[in-house]
Amino acid sequence: MIVEESTDSQEMYAIAQGEAYVEKDGRRLGEIHQGCAFGELAVLRLTSGQSVTIKAERMCDLQYLNCYDLETLLEGYPDDKEHMLQVVATMMRQELADITNEEILREVPLLTFLGEGFIKRLAALLQVFVTRKDDQIKSPTDLFFISVLQGRASVHIGDVTVRELSEGESYGESSTLGLVAPSHTEIKANGSVCLYLRADKDIMQRVLEDEGTRLYGQLKSAGHTSPDKRKAVLQSSSLKLLNLSQAQIGELLHLCEERFCIAEQELLSARHSLKNLLFILAGKAEQQVSGETIVYEPGSSMVYLNKDLIPVSSAVKAKTHCKYLLLNKRVIMQFIMAQPEEERQRLLQRLESMPGQVRFVDDEIRADDCSAYLAYIVDRYDNMPEFAVFLHADAPEHIPTVDLLMDTVFAAARGYLPREAGFIHLSHNYVRHDCPGSTEPCRTPDAFEVSQLWRTVFRSSITPAMSQGDLNGYCCVQFLVRRERVHLRNKEFYARALRFFGDTPASYHALFPVGKVVWEPDTRGRTPCQLTMYFWHVMFGEELWLPRRHRDTRLPLFIRMLNIEAEAVVEAQRGEDGPAAAVIQFTGDDTGADDTYYRLQSLFSEADA
């Protein structure tokens, strides 16, 4: 075997004597004869793995060239190296010939605005390039437009990656057209070979002189700003709370990206709105937050610099042609950490005290934690942290000890929680609906209401039989959940539930249909969300019968032992504690369950002492 399919290879081979054959997935595809070569892309580091297996048909005399030897050789011949890569780029472009340059350019809104004549003329002048993995596509001083055809690229400011460019995405159109000041960014091929189209500023300007001049004038006029506008916008924003010097403001301006977009185009995606500060220089933009429209006028900014990401992640869209600055949050942190020690500590303290953003959910009707929890998930669905902790304002009244909360969060932050612990309920009061210990027929007061809510939330015609013990768990929803558990259900599931509980009276109507006899508990002001507490754990992938913490073998011991209820001992002695009953068995004398419970508590106290 000369090379094997799916293995890494960075060599080129030529057959001086003998023959070889090509296989893929065990099927013979063809032969390679004396005088032929293979591995040209591998030796140029333009592919990372072999797509076929090549075996010798008989004894072969092979000539071999390693990529490192070739690289050393080409150091003295940079023009030849560039020519070789250009030839390969042309070959790769031919393989994608079903999509034309014109079609690619029409996907760039700013270029499309300049008209079909501009598109056609520019398409004929584009050059194709290929860059190897991790090699530089653009230096901070280069000025050109690129559109990625194959692979990925990453945009950097200093050591920070501020943006990823995928196939079909472009960069540099605004600056090469002269609509914005050039940004000091670097672009590298990211993760694999990157094939892209390129046009230098001179080409863009030459095409502009012949095509699109009138429309370009509209853009230029819309983006006109005074020379000191950039600095003034930064100084008037929340950045002023950092008390930066004029020199520091100038440094931050150097780290900003100046950009331009046409009306109705997206300035920032929902994901990027969490990672960047936005400063409007000219034009207007808008953002939808909780059903309301926030309008950003010239001179306004979107700046949230507290250490937490902002809870609201929604796209920002241009209302008119818009010129703006972007400043990545990680770039700011890099700037701060590069300051002298005393200044760095001052800025970090200022950063700690900067205001964050509170997500206010304006319910049409009372929806309690349903609206708060669901709104958070909907807002952050695409940017959920690895763990999220959901608590009431009066959480200490529902959690057995603050230690349980703090230790659980600490364990999650340090990576100590096992992967299977995807949902951890933190409340202390376990609720069973199957009337344990009763000899009378079980009648669960909330069975009807919970079944109605269940049908709507889960869109299911089958509901748990609560009186038979199908659905049990903790009350008063305080819990920790992993991101992957949240993502077991799509975003629309949570958005639909949020609308059901907070936007219309439908959730209340479900509790009191025509003809229903009102029970005494109904007069105590129950709300739909209070009843939903019985199945939050099901939303995140838990079984209907959520085991008590001390019986859940997925949890660390410190969580299992912090809150063992007296009722749990009673159930264990009766053998009534559900599917996990065999996990731990309590044994005690005939003095009663409560005595057993307190003896256990005493034992834990002695261990702590």
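How are H17 and H19 oriented to each other? In this predicted model, the axes of helix H17 (residues 447–458) and helix H19 (residues 491–502) cross at roughly 135 degrees. Angles over 145 degrees count as roughly antiparallel and those from 65 to 115 as roughly perpendicular; H17 and H19 are therefore oblique to each other.

**The helix pair**

- Two packed helices are described by the angle between their axes and by the distance between those axes.
- The axes of H17 and H19 come within 9 Å.
- On the H17 side, the contact involves Leu453, Thr456, Val457 and Phe458, which meet Phe493, Arg496, Phe500 and Phe501 of H19.
- Sorted by class, the contact of H17 with H19 has 6 nonpolar residues, 1 polar residue and 1 charged residue.

**The disulfide**

- A search of the whole structure finds 1 disulfide.
- This disulfide is formed by Cys370 and Cys529, whose sulfur atoms are 2.0 Å apart.
- The pair links distant parts of the chain: Cys370 lies in helix H15 (residues 368–380) and Cys529 in helix H21 (residues 528–532), 159 residues apart.
- The torsion about the S-S bond of Cys370 and Cys529 is about 100 degrees, so the disulfide is right-handed.
- Cys370 is buried, at 1% relative accessible area, and Cys529 is also buried, at 3%.

**Other cysteines**

- Cys36 has a relative accessibility of 33% and counts as partly exposed.
- Cys261 takes part in no disulfide, and the nearest cysteine sulfur, that of Cys322, is 5.3 Å away.
- Cys261 counts as buried, with 0% relative accessibility.

Notes: Residues numbered from 1 in each chain as written. Predicted model: local features only at pLDDT ≥ 70, side-chain atom pairs only at ≥ 80, totals over all residues. Heavy atoms only, no water. Axes fitted to C-alpha atoms, helices over the stretch in contact; angles between N-to-C directions. Helix = DSSP H or I, 4+ residues; strand = E, 2+ residues; numbered from the N terminus. Parallel < 35°, antiparallel > 145°, perpendicular 65-115°, else oblique. Contact = heavy atoms within 4.5 Å. Nonpolar A, V, L, I, M, F, W, Y, C, P; charged D, E, K, R; others polar. Disulfide = S-S within 2.5 Å. Buried < 20%, exposed > 50% of the residue type's maximum accessible area, 1.4 Å probe, protein only.
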